[in-house]
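The following explanation leads a new reader through one protein model. Please keep the sequence and the structure in view while reading.

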Amino acid sequence: MLDFDAINADKILTRYDIKMESSEKPETIAARILPKDPALKKVAEDVMNLKGKLIEDDVKAALKSNAPEIVIQDGLLKGMDVVSELYGRGIYYLPHVMVAADAFDKGMKLAEGAMSTEKKTKGTAVMHAAEGDPHDIGKNIAAVLLKSNGYKVIDLGRDVLVDTVVDSVLKNKPNFVTGTALMTTTMSAFPRITAKLAENDVHLPFIGAGGAVNREFVESFDMGVYAVAAKDGPHLAAKIVDGWSWHRLREKWDDIIAGKI
Ligand code: B12
């Protein structure tokens, strides 16, 4: 018979992966990621520390000395980057992430409202987060950047059925479609969408992005063009409205993403 009192559970019930990953303290992780500018740092800290009540005032303050795009990229997004790291290391749990995402959304709404809207529409994008996928933070940022660069965005939201995306493309005839997938279980929706579009004789660039996918996957199906970050959207969109096919976008992808062409 085992003597349970003699067993030290601490030595057994350890998630070694998390223990190892968590050797870096939260403060060190934050210091590595947080911006230097004090106003932007406050915004990032509000997201990181789940301060939904403070974020609106702090975003307004940051907007006084920074462009809305900077408040998003170097403030709100940096806070979310810290949250992602803390979650990945088992320091934050899902409820923390949900509250942080709420604070992030509040800040985004304010920053988006402060952006100048260009009168002339350069082109139209249909955007969505993949069927079964509730992760829409990256898509929302990409949508804001496209809108602020003069594109009309038809945002279908998150967890969007493959058929809803296809119907919207057939109805709205956009210049390009975008999909975001953060889960390995949802990324297969991308090639299902492009296959259905091809059946309807529609051939347009499908910008695929999100933590679950990489360039290799997105280029494994026709029409797929990979985007790493939200800021890549306007670069790719500019080429698309200039008439570049998805084949050509793939060929020149490195130069486009590097901002060389
Ligand atoms: C926030 C978050 C959530 C939030 C989402 C809130 C929201 N509204 O989005 C909530 C709490 C709801 C959530 C829930 C879940 N989550 Co979650 N979540 C995350 C977390 C921590 C961060 C994701 C994030 O927002 N990243 C920041 C954004 C900015 O990144 P992004 O979307 O990739 O966007 C960037 C680029 O990809 C690009 N981009 C994105 N879209 C587009 C579009 C265009 C056009 C362009 C140009 C660029 C672009 O631009 C952005 C940067 O500039 C990740 C962990 C991680 N480290 O990523 C897990 C993670 C994605 N979640 C995960 C899981 C498993 C879940 C749950 C299933 C957990 C559970 N057991 O219940 C549930 C989902 C349940 C369900 N099916 O409904 C897993 C997915 C694992 C996998 N590979 O499949 C992850 C990776 C965590 C993990 N390590 O296990 N989650």
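**A guided view of the fold**

Of the 261 residues in the protein, 44% are buried. The model is a predicted one, and its secondary structure comprises 13 helices and five strands. The C-alpha trace extends over about 70 × 55 × 30 Å along its principal axes. When contacts between residues at least 6 apart in sequence are considered, 72% of them join residues at least 24 apart.

Two packed helices are described by the angle between their axes and the distance between the axes. For helix α3 (residues 38–48) and helix α5 (residues 68–88), the axes come within 7 Å and cross at roughly 35 degrees. This crossing of α3 and α5 is right-handed. On the α3 side, the contact is formed by L40, V43, A44, V47 and M48; the residues of α5 that they meet include I70, V71, L76, M80, V82 and V83, as well as D74, G75, K78 and G79.

Which protein residue supplies a donor to the cobalt atom of the ligand? The single donor from the protein is the NE2 atom of H135, at 2.2 Å. H135 belongs to the loop that lies between β1 and α7 (137–148).

Helix α7 itself contains K139. Is K139 buried or exposed? K139 counts as buried because its relative accessibility is 1%, which is under the 20% cut-off for a buried residue. Leaving aside residues up to four places away in sequence, K139 touches M127, H128, A129, D155, G157 and T180.

Two of these residues, H128 and A129, are also touched by V160. V160 is located in the loop between β2 (151–155) and α8, and it is buried, with a relative accessible area of 6%. Apart from residues up to four places away in sequence, V160 touches H128, A129, A130, E131 and V165. With A130, V160 shows a C-alpha separation of 5.7 Å, although the two residues are 30 residues apart along the chain.

V165, a contact of V160, is one of the buried residues of α8, together with V162, V166, S168 and V169. Viewed down the axis of α8, these buried residues fall within an arc of 160 degrees, and therefore line one face of the helix. An α-helix has 3.6 residues a turn, so residues three or four places apart point the same way. The buried residues of α8 pack against β1, β2, β3 and α9. Just after α8, K173 adopts a positive phi of about 45 degrees.

After α9 comes D201, with a positive phi near 60 degrees.

Key: Residues are numbered from 1 along each chain as its sequence is written. This is a predicted model: local features need pLDDT of at least 70, side-chain atom pairs count only at pLDDT 80 or more; totals for chains, interfaces and linings use all residues. Side-chain values use heavy atoms; hydrogens and water are left out. Axes are lines fitted to C-alpha atoms, for helices over the stretch in contact, and angles run from 0 to 180 degrees between N-to-C directions. Helices (H or I, at least four residues) and strands (E, at least two) are DSSP runs, numbered from the N terminus. A crossing is left-handed if the near helix is turned anticlockwise from the far one by less than a right angle, and right-handed if clockwise. Contact means heavy atoms within 4.5 Å. Donors are N, O and S atoms within 2.8 Å of the metal (3.2 Å for Na, K and Ca); water is not among the atoms, so sites may look incomplete. Buried means under 20% relative accessible area, exposed over 50%, partly exposed in between (1.4 Å probe, protein chains only). The arc is that of the directions from the helix axis to the C-beta atoms.
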